[in-house]
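Please walk through this structure with me.

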Amino acid sequence: MTTIQACIFDLDGVIVDTAVYHYRAWKRLADELGFDLTEEDNEKLKGVSRMASLDLILQWGGIAKTDAEKEELAARKNAWYVDMISKMTPGELLPGAKEFVESCRQAGIKTALGSASKNSGTILEKVGIDHLFDVVIDGNKVSKPKPDPEVFLKGAEALHIVPGNCVVFEDAIAGIAAAHNGGMKAVGIGSPEVLTRADLVVSGLDKMNLDKLRELETKPVIAGRNDEAIS
Ligand code: B16
Ligand code: MG
């Protein structure tokens with residue numbers, strides 16, 4: 001039996017859905033490079049860092065670029081993306097996200113953000129919930145992508161809570177694996193058919209509550225499941 005003392009939230013797909021903006025910006029870049037990027041392709045980029053996403057897109061388009069050219073392409077995509085997210089409003093918060101984070105805090109549970117995005121600060125500010133996180137660990141502070149647990153372990157460390165007392169909320173298979181690899185429990189946001197390894201799956205934070213969170217305390221921590229690492 002553990003005591004849940006902290007909740008660590010992924011951003012894209014859990015708190016907000018910025019995948020549509022990422023898609024528009026990557027699609028525009030692919031168009032300029034002379035090939036099409038489908039919505040199905042975009043699904044594979046969820047939770048993947050900016051440069052790793054670019055590498056995949058170039059691979060799909062059969063295009064080789066130098067490191068300097070890749071830096072320029074990623075910067076171009078990011079400028080379009082930042083332009084879009086700078087117009088985000090609190091109305092774009094996913095249902096129940098703000099309410100659940102608030103209920104955690106009211107119950108004395110610490111809250112952290114654990115995201116691959118380097119733009120998380122802008123997004124949190126635009127949707128008006130930056131004050132609801134004790135700690136923000138994002139793509140500016142980590143070097144190892146999920147399923148490496150670095151982002152969540154840094155969050156736990158900054159909160160001064162041991163990993164076994166943290167619960168991660170994630171929409172990506174690699175994010176669930178990252179939580180387990182860090183010795184944390186993981187709540188999947190999405191479909192149980194996809195997030196088969198999660199300790200609990202809900203369709204969104206509007207379906208989450210403190211009772212369900214407390215029920216996780218009786219489940220054993222699945223530590224170091226490196227077999228969950230995905231390529
Ligand atoms: P940026 P998450 C991820 O956010 C997105 O899901 C992924 O599509 C994106 O490439 C990545 O952030 C990096 O974003 O270009 O803003 O640094 O799900 O980890 O919150
Ligand atoms: Mg995500």
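A backbone N or O atom of L45 lies 3.1 Å from an oxygen atom of ligand 1. This is a polar contact, that is, a pair of N or O atoms within 3.5 Å; within protein, one atom must be able to donate a hydrogen and the other to accept it, and residues adjacent in sequence count only if both atoms are side-chain atoms. V48 also uses its backbone: a polar atom there is 2.6 Å from an oxygen atom of ligand 1. S117 uses its side chain, with a polar atom 2.7 Å from a ligand 1 oxygen atom. Around ligand 1 there are 18 residues, each with a heavy atom within 4 Å of the ligand. Those that come nearest are V48, A116, S117, K118 and N119.

The model is predicted: local features need pLDDT of at least 70, side-chain atom pairs count only at pLDDT 80 or more, and totals for chains, interfaces and linings use all residues. Side-chain values use heavy atoms, without hydrogens and water; residues are numbered from 1 along each chain as its sequence is written, while chains are lettered from A and ligands numbered from 1 in the order in which they are written.

Now the helices. Helices here are DSSP runs (H or I, at least four residues), as are strands (E, at least two), numbered from the N terminus. Helix α1 (residues 19-33) packs against helix α3 (residues 50-61) at about 40°, with the axes 11 Å apart. Axes are lines fitted to C-alpha atoms, for helices over the stretch in contact, and angles run from 0 to 180 degrees between N-to-C directions. The angle makes α1 oblique to α3. Under 35 degrees would be roughly parallel, over 145 roughly antiparallel, 65 to 115 roughly perpendicular; the rest is oblique. From α1 come W26, L29 and L33; from α3 come R50, S53, L54, I57 and L58. Contact means heavy atoms within 4.5 Å.

α3 also packs against helix α4 (residues 67-85), at about 110° and with axes 10 Å apart. The two are therefore roughly perpendicular. Here α3 contributes R50, M51, L54, D55 and L58, and α4 contributes K70, E71, L73, A74 and N78.

Which peptide bond is cis? The one from K146 to P147, with omega near 20°. P147 sits in the loop between β3 (135-137) and α7 (150-159). H160 lies in the loop between α7 and β4 (166-170). Its phi is near 60°, positive in a residue other than glycine.
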